[in-house]
Amino acid sequence: MRKIVIAGNWKMNKTVAESVRLASEVAAAARDVQNVVVVVAPTYLALAKVADVLQGTKVKLAAQDVHWENQGAYTGKVSADMLKEIGVEYVIIGHSEQRTYFGETDDTVNKKVKKVLTLGMSPIICIGETLAERQGGRLESVLTTQVNGAYEGLSIDDARRTVIAYEPVWAIGTGVTATDDEAQQAHAFVRSLLAKLYGDELAQSISIQYGGSMKPENAAGLLAQKDIDGGLIGGAALKADSFLGIVTPGDTLSK
Ligand code: PGA
């Protein structure tokens with residue numbers, strides 16, 4: 001059975017004090033959620049304080065990025081050991097904003113994924129096509145390159161601990177969501193790529209989240225799709241009630 005993972009990606013939003021407040025609201029509201037893994041990803045700066053707030057609650061902590069080296073002269077970066085020490089369990093890797101603005105490549109995604117797995121955390125590997133790629137008929141080739149790149153050199157046991165977020169770039173922060181069918185088709189294709197790499201049993205066990213303007217109004221339709229196992233949520237995760245409006249429909253799901 002696959003886990004339903006609903007993760008809030010707070011991006012570069014919320015001061016430390018605001019993050020602490022939002023994390024407590026999310027933790028309180030998530031108290032009765034069953035069968036769903038609820039995750040929040042604050043900024044690096046707020047991680048330690050949010051970790052304290054989440055102690056003893058059901059909500060898990062994620063970082064928004066990581067560096068692949070252990071330590072050293074990498075100004076502005078944070079290592080996986082540092083994240084692990086304060087209780088981070090998931091790390092978002094390869095987000096399209098990282099790819100677009102900060103030079104993330106499939107190769108750096110792969111290095112980060114390996115480092116995070118080595119330390120016992122789970123990567124949330126983000127993939128997805130731009131509008132031009134979709135319209136140019138390149139959806140499948142883009143997803144194939146991204147998945148093969150991210151999983152290069154990973155054993156089946158490593159792969160088992162990953163989560164994928166399929167996020168069509170044209171749907172992120174735009175208010176335009178993929179239709180239930182468009183999303184389902186892309187998710188099924190991504191699962192078929194995992195099956196090619198690791199076999200069907202593994203492919204059936206990996207959670208594949210949808211991301212891109214997911215909100216309470218469209219979450220139930222998306223989460224009802226056979227291959228959609230949760231969400232990576234930006235804008236709607238910045239308020240506890242809209243975030244938990246997405247979590248609640250997932251409550252009854254199991255796949
Ligand atoms: P959005 O962001 O929900 O604001 O579209 C999703 C994401 O970037 O992970």
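In which loop is the place of Lys-226? Lys-226 sits in the loop between helix H11 and strand E8 (230-233), where helices (H or I, at least four residues) and strands (E, at least two) are DSSP runs numbered from the N terminus. The model is a predicted one, in which local features need pLDDT of at least 70 and side-chain atom pairs count only at pLDDT 80 or more, while totals for chains, interfaces and linings use all residues. Residues are numbered from 1 along each chain as its sequence is written, and side-chain values use heavy atoms, with hydrogens and water left out.

**Loop residues**

Lys-226 counts as exposed because its relative accessibility is 61%; buried means under 20% relative accessible area, exposed over 50%, and partly exposed in between (1.4 Å probe, protein chains only). Leaving aside residues up to four places away in sequence, Lys-226 touches Arg-2, Gln-184 and Lys-255, contact being heavy atoms within 4.5 Å. The C-alpha atom of Lys-226 is separated by 29 Å from that of Ala-28, and the two residues are 198 residues apart along the chain.

The loop between helix H1 (16-29) and strand E2 (36-41) holds Gln-34, and Asn-35 has its place in the loop between H1 and E2 as well. Gln-34 counts as partly exposed because its relative accessibility is 46%, and its C-alpha atom is separated by 19 Å from that of Lys-215, 181 residues apart along the chain. Asn-35 counts as exposed, because its relative accessibility is 54%. Ser-213 lies in the loop between strand E7 (207-211) and helix H11 (216-223), and it is buried because its relative accessible area is 17%.

| Residue | Phi (positive, in a residue other than glycine) |
|---|---|
| Asn-35 | near 60° |
| Ser-213 | near 55° |

**Packing of H5 and H7**

Helix H5 (residues 106-118) packs with helix H7 (residues 139-151) at an angle of about 40°, and their axes are 7 Å apart; axes are lines fitted to C-alpha atoms, for helices over the stretch in contact, and angles run from 0 to 180 degrees between N-to-C directions. In this contact, Asp-106, Val-109, Asn-110 and Val-113 of H5 meet Thr-145, Gln-146, Gly-149, Ala-150 and Tyr-151 of H7. The residues of the contact divide into 4 nonpolar, 4 polar and 1 charged, where Ala, Val, Leu, Ile, Met, Phe, Trp, Tyr, Cys and Pro count as nonpolar, Asp, Glu, Lys and Arg as charged, and the others, Gly among them, as polar.

**Cavity and pocket**

The structure holds 1 cavity of 30 Å³ or more, and about 40 Å³ of space lies in the largest cavity. On a 1 Å grid over the protein atoms alone, a cavity is a set of points where a 1.4 Å probe fits but cannot get out, and a pocket is an open set with protein on both sides within 12 Å along at least five of seven lines, lining residues having an atom within 4 Å of a point. Grid points are joined across faces, edges and corners, and a volume is the space filled by probe spheres set on the points. The residues lining the largest cavity include His-95, Arg-99, Gln-146 and Glu-167.

About 470 Å³ of space lies in the largest pocket. Its lining has 16 residues, of which Lys-11, Met-12, Gln-64, Gln-98 and Phe-102 lie nearest the centre, and the largest share of this lining, 3 residues, comes from H4.
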